[in-house]
Amino acid sequence: PPVTVDEVGIGAVKLARKSVRESAPKLVASRGMIAKAPIDTRAAFVLSLVDGRNTMGAIVDMSGMLEDEVKAILERLARLGLISLP
């Protein structure tokens, strides 16, 4: 049987939701770990944008910071064990 537009639309939405989840940094630290982490205010701001749904690109856009700076901050947060990167 032919595939309907509705079936393709539902599949596309599921795929989009899945890909966003998989390509977004995720918070893995407790509040206590975050409170003790050696991070500055810029890193804390970027960390506040990590929710498991926001992709790196979205975090760059929301932060208003340069992409290279955001990526460097996210990589440092991952090395500190506060987040996991996709």
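**View 1. Ser63 in the predicted model is a buried residue, with a relative accessibility of 13%.** The cut-off for burial is 20% relative accessible area, so Ser63 at 13% falls in the buried class. Ser63 belongs to helix 4, which spans residues 56–63. The model shown is a prediction.

**View 2. Contacts of Ser63.** The side chain of Ser63 lies 3.0 Å from the backbone nitrogen of Met65. Leaving aside residues up to four places away in sequence, Ser63 touches Phe45, Leu49 and Val70.

**View 3. The buried side of helix 4.** Ile59, Val60 and Ser63 are the buried residues of helix 4. They share one side of helix 4 because their arc around the axis covers only 100°. In an α-helix, residues three or four places apart point the same way, since each turn takes 3.6 residues. The cover over the buried residues of helix 4 includes helix 3 (41–48) and helix 5 (67–79).

**View 4. The end of helix 4.** Gly64 follows helix 4 and has a positive phi, near 75°. Ser63, in helix 4, makes its side-chain approach to the backbone nitrogen of Met65 at 3.0 Å.

**View 5. The chain around these close-ups.** The chain contains 5 helices and 2 strands, in the order α-β-α-α-α-α-β from the N terminus. Of its 86 residues, 24% are buried. Contacts between residues at least 6 apart in sequence join residues at least 24 apart in 69% of cases. The accessible surface of the chain is about 5,900 Å², and carbon and sulfur atoms account for 60% of this surface.

Methods. Residues numbered from 1 in each chain as written. Predicted model: local features only at pLDDT ≥ 70, side-chain atom pairs only at ≥ 80, totals over all residues. Heavy atoms only, no water. Helix = DSSP H or I, 4+ residues; strand = E, 2+ residues; numbered from the N terminus. Buried < 20%, exposed > 50% of the residue type's maximum accessible area, 1.4 Å probe, protein only. Contact = heavy atoms within 4.5 Å. Areas by Shrake-Rupley, 256 points an atom, 1.4 Å probe, with all protein chains shown as cover. Polar contact = N/O pair within 3.5 Å; in protein donor to acceptor, adjacent residues only side chain to side chain. Arc of directions from axis to C-beta.
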